Amino acid sequence: MATGLTRRTFLRTAGIGAAAFSAACTGFTTSGAGGMVFLSTQFRPADEAERFRSLLSRTASGVSYVTIEESPFASQVRSQVDAGDTKIGLLGGLHGDLAPLADGYLNDLTGLLADLGDRGWPADYLRLARSGTDRTWYIPWATASYVLAAHADALERLPSGVDANALTYDQFLDWAIAARRANGNRPMLGLPAGPKGLLHRFVQGFLLPSFTGGQITTFRSPEAVTAWQYFRELWANCASSSTGYDFMQDALDGGEVRMAWDHVVRLAQAPARDPGRWRMLPAPRGPHGLGYMAVVTGLAVPRHGPDPELAQRTISTLTEPDTQIELLRSNGFFPSIDTPVPGDLPPAVTMEADALRRQQRAPDALLSLPPVGLGKREGEVSKVFQDSFRSIVLGGADIRATLDQQARVLQGILDDLKVPCWAPDPAADRCEVG
């Protein structure tokens, strides 16, 4: 993997937090340098923050990088803007961190987007940055997603005539079955179903969108029942030890499994010893297309910020091709713009970049997002999908009854929060579980 990159990049463990933010705003910064405060929910682990500060010091002077957890991020911005005393100059966060602030707390960056020219942002990302309006509220910064990793031992079992770069879910299942049979009835496929695994993202952003076209509004649809029936069949061809896997690269590197789906950061170390025998592949497609979940980060300027011109110059610098590649090298975030990935990067990164590009540019690609606007209660929504998996796939519970039960739980959370749905579901004012 890229120099200094660790598997924690996207875990967002506790970092500097609100105390450091408060110190920065009163003249004492955690980076040891003054200047405009750049408040971000990203790169919170200390090593990641320091690598990004190093990048920032070389590309944008006069900017002090401070990290904070997602939950207090919005409240800090809202309280300062409401008081007319905004000390933060620049914001960095996920789409879900920034989109809820578009209702009066961010500067309109439509003009900046036009000034930056055609840097090749995907249309889906630019649509997200408008947050349902005709104006741009943040500039897409960097991105990541989830892909398939396969060793040559598994690729040899790919059914004849099947293109690994254009799999359907039926073909993916056929492949898993063929690999298991060729391996003495021992499954070659593994999925991250451990306590800290991201299997719920597979259901939210890949399986359900591909089978149903949605995530929430189609949660209990007949197509969703079919998706869960499919998942049962796929799981029957997964290594039973998958319930203990948090990071699939460990099981892949150790030879416990030879093919897996996971976050790009949690796969990248597997090919390190013998990259020539590995491939990274886009996710499969279903009846409604190739559903995939993107982790989209953006850069925004809060209203009444102290130096909007410096903030916009910093955004311009951080979205230049060279800076985007430097961020990939240091912290593992892939460029949000259309720029070639250099050949001197670790092979795993190059393979992942190709798989992500194929996934994103597929003619039937269907972009999904992690939940937006849920704050501390996102974990409760994730638990709905995790509990559905445990009941239906591990426990063999009735699919319809389970989805009906979990739909009530999910609707209760959404009713309390009164938030709109997120992609791929329509952004209606009230998110209804369908």
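Which residues of strand 10 are buried on one side, and which on the other?

## Strand 10

Val-295, Thr-297 and Leu-299 lie on one side of strand 10, and Val-296, Gly-298 and Ala-300 on the other; all are buried (under 20% relative accessible area, 1.4 Å probe, protein chains only).

## Basis of the model

This is a predicted model, in which local features need pLDDT of at least 70, side-chain atom pairs count only at pLDDT 80 or more, and totals for chains, interfaces and linings use all residues. Residues are numbered from 1 along each chain as its sequence is written, and side-chain values use heavy atoms, without hydrogens and water. Helices (H or I, at least four residues) and strands (E, at least two) are DSSP runs numbered from the N terminus.

## Pairing and sheet

Strand 3 (residues 88-94) runs antiparallel to strand 10, with 4 bridges between them; Gly-92 has Leu-299 as its bridge partner. Strand 4 (residues 139-144) is also antiparallel to strand 10, through 5 bridges, and here Leu-299 is the partner of Ile-139. Pairing requires at least two DSSP bridges between two strands.

The open sheet has 6 strands in the order 2-1-3-10-4-11, with mixed pairing. Strand 2 (63-67) and strand 11 (334-335) are the edge strands, each pairing on one side only.

How values were computed
Buried < 20%, exposed > 50% of the residue type's maximum accessible area, 1.4 Å probe, protein only.
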